[in-house]
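Please take a moment with the sequence and the 3D structure before reading on.

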Amino acid sequence: MAIASIVGLVSYRDVVSDLQYSINDAPRKAELIAAVDILFQPLLLHPPQTGFDPAAFAQTQHGQFGTALRRSKVAVRDFLSRLETLPDQSSIQIDDYSLLRQRVVNTVQYLDEEYERGRIMDPRQRAEAVNCCLQQLNALNQFISSVPDPFDIFLPRLAEAEKNLQMCLNIVVVSSVIALILFLCVVGSSNHWIFEPIKTLHRAAKRVANGDFQYRAELYTKDEMNELADVFNQVTAQFYEINQDLDRKVREKTKALIRSERLAGVGFLASGVAHEINNPLHVISTISESLEMQAETVLSGCDESDREMFTKYLSMIQTEAFRCQGITEKLLSFARGQETPRAMTDLTELSRDVVSMVSHLSKFRDRHVELLTQESVYAEVNAGEMKQVVLNLVSNALEATESGGRLDIELMSLGDEVQLIFRDDGCGMTPEVQDQLFDPFFTQRKGGGGTGLGLSITLRIVDDHDGSIEVSSDGLGKGSTFRIKLPRTASSGIVGEESYIANDQSSSYYAA
């Protein structure tokens, strides 16, 4: 558009420059021809056929020639003056006009000299002088005819300028239409490739800001906006993972807080109940034992059926009294939270002792317990407490299996961590049971037996060792897996090799 406008303006400037030199002021070739033709008339006079005076005719022709010459000189001078006023940058200023100016001046000067010499007045020289003047005028006339008329140049230039102007105008119009179409295309493309993706990202950002971290911005532009959407989705995915992790931690902390409150309640109950109940239970068990020893003497005169009933009831009193004592002992064990000495312990040997002890119990003899790990796995733990943990998990697993069930125990050493894994093919658990498994007094044991404190005590011991317990089950009837993770060394530091001993406490307490 700029080039077309410049070309049009240049053509318009030339036309204006030409038009500024008006038609009335422009030199006309016709006027110059007319000025030259004035000189032909006296020179072409012919004397009469008869009765004329040659001297008088020559004098008359000379006078008419002088008059025509003066008139012609005025006209020629006017033409030349107009020719001089042509603008230097005019499109009609050509070299032919400078030559024309010179020829006209020379011819007029020659005729003027012939007039001054008066040869035309001499009858003897008239014919020769007239002939020479006519030759000069004919040559000048032919040359004038060969020179283009300024108007013959001006009019084509004006037509060319109008053509160029029209062409440039068409170019400008077409360019404007094309520019408008391109602008509309750019606007449409911008709306499709820029504004729509931005709106999509804005909607996605609002949804994510409102908490919908699973929402993803879907773009298929395959450009920078698509890359921006991918980055946005990655950030949103990270936010979602962080949010899920925080929710999980909040749930775990909430469960831990609830469990801690329950444990605190159990500890408070244990500290008050154990001492208050142990004394009466001790009295009951002592009296029942005394009555059992005197039963033969006291019941010697009674019927056999009465003696059997008395003995049965007395045995039930002793059994339940001992059972209550066992419960109070577990409560006291659960309430213990003081620091316990720890040493590097061979967990494989510890687990082997527990398996050997449980295998001799009559109710578990129809179950198969196998320790899969044979190499030693060491960790800095309290051996007595850790043996209680293994015993609780083994007994719970065997209680959950039917006759002929199987329990596999595996130990692994992974860097600074050791793991104890217990897999059984027992009754399995639902997710609801897994959530409450470590709550105090929660039990799923068959027949309603058990206090529901075994796994709570296990969790407390593992927590005291800065470890963790993970429970998994595929559902009812598909078995369960308990995974204990313990640090290899306690936070206080690593003990020396002389501490690599198993603190093998008496197993009678755990068997009971």
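The model is a predicted one, and a careful reader may wish to begin with the confidence attached to it. Across the protein chain the mean pLDDT is 77, and 79% of the residues reach 70 or more. That confidence is highest in strand β5 (residues 417-424), at a mean of 93, and lowest in helix α14 (residues 508-511), where the mean is 34. Over residues 493-512 the pLDDT stays under 50, and for this stretch the model has 30 contacts beyond four places in sequence.

With that in mind, the overall make-up of the chain can be described. The protein chain has 14 helices and seven strands, and of its 512 residues 35% are buried. When contacts with a separation of 6 or more are considered, 76% of them in the protein chain are accounted for by residues 24 or more positions apart. The chain exposes about 30300 Å², of which carbon and sulfur atoms supply 56%.

An α-helix has 3.6 residues a turn, so residues three or four places apart point the same way. In α2 the buried residues include Leu32, Ala35, Val36, Leu39 and Leu43, and in α5 they include Val130, Cys133, Leu134, Leu137, Leu140 and Ile144.

Leaving aside neighbours within four places in sequence, asparagine 226 is in contact with Leu219, Tyr220 and Thr221. Leucine 246 is also found in helix α7, but at 46% relative accessibility leucine 246 counts as partly exposed. Together with Val231, Val235, Phe239 and Ile242, Leu246 makes a nonpolar surface patch of about 420 Å².

Charged side chains form another theme, for the structure holds 14 salt bridges. In one of them the side chains of arginine 119 and glutamate 114 meet, with 3.0 Å from N to O, and both of these residues are buried. The pair also belongs to a network of salt bridges that links Glu114, Arg117 and Arg119.

A second pair joins arginine 207 and aspartate 212, whose closest N and O atoms are 2.8 Å apart. Here arginine 207 is partly exposed, with a relative accessible area of 40%, and aspartate 212 is likewise partly exposed, with a relative accessible area of 25%.

Because lysine 485 lies in strand β7 (residues 480-487) and glutamate 470 in strand β6 (residues 468-472), the pair ties together parts that are 15 residues apart in sequence. Glutamate 470, at 38% relative accessibility, counts as partly exposed.

Two further residues complete the walk. Glutamate 160 has its place in helix α6 (residues 150-209) and is partly exposed, with a relative accessible area of 37%. How far apart in sequence and in space are glutamate 160 and serine 11? They are separated by 149 residues in sequence, while their C-alpha atoms are 8.5 Å apart in space. Aspartate 466, for its part, is found in the loop between α13 (454-464) and β6, and its phi is near 60 degrees, a positive value in a residue other than glycine.

Key: Residues numbered from 1 in each chain as written. Predicted model: local features only at pLDDT ≥ 70, side-chain atom pairs only at ≥ 80, totals over all residues. Heavy atoms only, no water. Patch = residues over 30% accessible without salt bridge, like charges linked within 9 Å, V, L, I, M, F, W, Y side chains within 5 Å. Areas by Shrake-Rupley, 256 points an atom, 1.4 Å probe, with all protein chains shown as cover. Salt bridge = Lys/Arg side-chain N within 4 Å of Asp/Glu carboxyl O. Helix = DSSP H or I, 4+ residues; strand = E, 2+ residues; numbered from the N terminus. Buried < 20%, exposed > 50% of the residue type's maximum accessible area, 1.4 Å probe, protein only. pLDDT = per-residue confidence, 0-100. Contact = heavy atoms within 4.5 Å.
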